[in-house]
Amino acid sequence: MLTMRFVRHNIQHPLAGILRQIGGIRGSAASGAPAERRNDEWGVIQEALSDMAVDLARTNGLLKQVVDTAPVRVFWKDRDCRYLGCNPAFALDAGKNAPADLVGEDDFSMGWAEQADLYRADDRQVMDSGQPRLNYEEPQTSPDGRTIWLRTSKVPLRNPSGEVIGVLGLYEDITATKHAELALQQRDRYQRALLDNFPFAVWLKDVESRFLAVNSRFVDLFGARSTDDLVGRTDFDIASPDLAESYRTDDRMVLASGQSKHVEEEIVDGTGIRRWFETYKSPVTLDGRLLGTVGFTRDVTERREIAAELEHHRQHLEDLVLKRTLELTEAKVAAETANRAKSTFLANMSHELRTPMNGMIGLIEMARRRMVDPVGCEQLGKAKTAAHSLLGLLNDILDLSRIEANRMVLDNQPLQLDDCVAHLTGTLGHIASGKGLRLAVDLPPELAGAPLQGDPLRLGQILMNLVGNAIKFTDRGEVIMRVHATGETAESIQVRFEVADTGIGIDAEAQTRLFQSFEQADNSMTRKYGGSGLGLAICKRLVELMGGEIGVDSTPGQGSIFWFMVDLQKRNANAVAPAPSSAGLAAEQRLLIDYTGTRVLLAEDEPISQEISRFLLEDVGFLVDVVDNGREALDLARRRPYALIVMDMQMPALSGVEATREIRADSLNKTTPVLAMTANAFDEDREDCLAAGMNGHISKPVDPDRLYETLLVWLERRGD
């Protein structure tokens with residue numbers, strides 16, 4: 001408005017003077033005034049026009065400066081909604097270099113073409129109605145693809161005669177404000193969602209106990225239609241006078257003390273039912289000023305009813321608890337007694353079965369070593385195989401019993417996977433080749449020699465069982481054992497073992513029963529392939545004891561893949577690793593070469609076991625003193641030094657454990673290696689041996705190769 005007044009003042013007033021001068025010149029010409037006078041008057045007019053042009057240029061410059069520097073975007077369009085002009089800020093928003101770049105363009109050619117129809121509708125409404133549209137919000141797509149928000153005003157653009165010739169508009173970018181507003185609205189929605197989904201009824205009151213806000217559970221509790229029905233009202237509007245007065249008293253107490261309050265109180269809900277609620281009230285401040293109280297309440301009617309019922313039955317319950325405690329105590333004693341009886345039975349069964357087995361296998365071995373007839377050697381070999389099969393079944397039953405009685409304890413000692421694999425292939429390789437099968441191992445070198453910790457015996461037992469089964473149930477093709485790491489931490493490596501075969505395969509239904517005790521894929525297989533069905537059950541229990549898992553993938557007629565995964569602990573690479581086992585013959589040869597004439601003491605009361613043990617010791621050149629009980633062993637140990645002492649555990653007069661303690665306390669053999677040779681195969685028995693001062697434990701039936709390896713180890717250590 002001021003600009004237009006400035007234009008009128010600086011253009012219209014001089015123009016009126018010029019027009020008057022021109023009128024005077026016309027009058028002078030008509031009256032025949034001299035030409036000189038008329039020339040002077042024309043000069044005055046030209047000077048006035050020049051001054052007016054200067055003023056007009058100055059005015060246009062000022063007007064352009066105002067438009068160009070205005071802190072808003074300004075534009076104007078013709079009746080066809082094509083741009084007639086704009087200020088630089090608008091051109092920049094449109095992604096143009098200068099306002100002239102927009103002249104003649106419409107919104108459909110701009111970066112905001114997506115909103116062109118909306119803008120054109122607004123333009124036409126303003127032009128058609130002749131009325132401005134002010135301060136409305138609308139979106140716009142920027143040249144870089146962002147959506148921004150504008151606050152826009154548009155007015156009709158008129159010519160001097162008042163005719164609408166287009167539209168004049170301006171807008172300001174309110175994107176930041178809009179985003180803040182939307183964020184605030186979203187936060188309000190979140191807060192409302194939080195309150196409405198809170199599992200309690202929540203409210204906010206002012207200092208006059210008028211409700212300022214409530215959540216939906218509070219609305220439902222009092223049967224209101226919406227929060228608006230409760231805001232501004234008091235407890236006297238929704239509760240009986242006595243209850244409302246008690247609520248207000250609590251509010252005032254909280255406000256006066258400035259402390260929270262926790263009460264249990266009665267509330268009459270919207271259906272008129274009285275229920276008990278647990279209520280928390282606390283003072284709340286806003287901008288440092290006490291606003292009122294905030295509270296929440298939850299229905300505890302059921303809890304109070306239960307509490308009352310519990311109180312009612314408390315005395316009776318104490319009697320029941322006392323009675324049940326006595327029953328449980330008796331049951332616990334009975335269970336412990338049964339467990340001890342089972343453990344004793346297992347120990348006795350182990351001893352009583354292993355002792356004759358030691359005799360059978362030992363006598364067969366003695367006869368085989370002396371047999372020169374090839375047919376006789378073959379028959380003794382078959383007898384030894386049958387005896388070992390029986391021993392394997394015995395070991396399986398004892399292992400399963402120990403696991404079920406929670407008496408199986410895993411070792412944690414150095415192991416290397418290549419040692420386990422070497423023992424496996426050395427034991428089962430000839431069986432596979434005898435069936436025409438290829439037995440292959442896929443073990444990465446970096447894993448093969450990795451220094452690990454675990455139980456090599458039980459790990460080998462699992463692998464021996466799985467590979468043995470694969471060989472048993474495969475008639476042609478191959479058996480492959482694959483080993484690879486599936487995960488690693490600073491402390492351990494997770495290792496996956498797979499045993500794949502090209503055998504008969506297993507159907508899906510049978511797979512569900514495989515790892516149960518005394519189960520095979522088809523129980524009729526027992527007649528063809530043999531086996532007790534205990535091996536896989538023991539494997540599963542051992543893998544679980546190691547913290548791993550085991551499974552099978554198989555298709556009938558296409559073979560099977562049995563797998564298990566366990567975590568093996570890492571050990572320091574500098575730690576002492578177990579020495580690789582020597583072959584039985586090599587150990588026996590070294591004993592004959594290096595230790596012939598070595599004097600050892602053998603304490604064994606069972607005649608056949610004594611005969612076998614003495615034979616095996618003398619067969620490698622040892623000088624053997626034999627006694628029948630622990631007392632005689634102690635007497636000889638006090639009179640004569642020995643290189644080794646082999647001691648049975650269960651003997652008359654003095655047990656092997658007791659005799660060892662006495663020898664360690666007072667004898668000529670306080671540091672002599674003492675090896676237990678016993679039919680007791682439980683971990684506790686081995687621990688008892690070590691606790692008594694024994695150095696090793698050899699289970700019966702005695703494996704000559706294992707015996708010779710153990711003797712060689714301890715003789716070499718004694719020499720060192």
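Student: Is R79 buried, exposed or something in between?
Tutor: R79 is partly exposed, with a relative accessible area of 38%. Keep in mind that this is a predicted model.

Student: Okay, and which residue does R79 form a salt bridge with?
Tutor: R79 pairs with D128, and the closest N and O atoms are 3.8 Å apart. That pair links distant parts of the chain, 49 residues apart. R79 sits in the loop between β1 (73–78) and β2 (83–86), while D128 belongs to helix α4 (residues 116–129).

Student: Why does D128 count as exposed?
Tutor: Because its relative accessible area is 61%, and exposed means over 50%.

Student: How many salt bridges are there by this rule?
Tutor: The count comes to 38 salt bridges.

Student: What does E488 pair with?
Tutor: E488 forms a salt bridge with K570, with the closest N and O atoms 2.6 Å apart. E488 is in strand β14 (residues 478–488) and K570 in strand β17 (residues 559–570), so the bridge ties together parts that are 82 residues apart in sequence.

Student: Are those two buried or exposed?
Tutor: E488 is exposed, at 56% relative accessible area. K570 counts as partly exposed, with a relative accessibility of 29%.

Student: What about helices? Where do R590 and E716 lie?
Tutor: R590 is in helix α16 (residues 584–594) and E716 in helix α21 (residues 704–719), so their pairing ties together parts 126 residues apart in sequence. The two form a salt bridge in which the closest N and O atoms are 2.4 Å apart. R590 is partly exposed, with a relative accessible area of 37%, and E716 also counts as partly exposed, at 24% relative accessibility.

Student: Which residues are linked in a network of salt bridges?
Tutor: E264, E278, R298, R303 and R304 are linked in such a network.

Student: Switching topic: where does D78 lie?
Tutor: D78 is in strand β1.

Student: And why does D78 count as buried?
Tutor: Because its relative accessibility is 15%, and buried means under 20%.

Student: What does the side chain of D78 reach?
Tutor: It reaches the backbone nitrogen of R82, at 2.8 Å.

Student: Which residues does D78 touch, leaving out those up to four places away in sequence?
Tutor: D78 touches L84, M127, I165 and G166.

Notes: Residues numbered from 1 in each chain as written. Predicted model: local features only at pLDDT ≥ 70, side-chain atom pairs only at ≥ 80, totals over all residues. Heavy atoms only, no water. Salt bridge = Lys/Arg side-chain N within 4 Å of Asp/Glu carboxyl O. Helix = DSSP H or I, 4+ residues; strand = E, 2+ residues; numbered from the N terminus. Buried < 20%, exposed > 50% of the residue type's maximum accessible area, 1.4 Å probe, protein only. Polar contact = N/O pair within 3.5 Å; in protein donor to acceptor, adjacent residues only side chain to side chain. Contact = heavy atoms within 4.5 Å.
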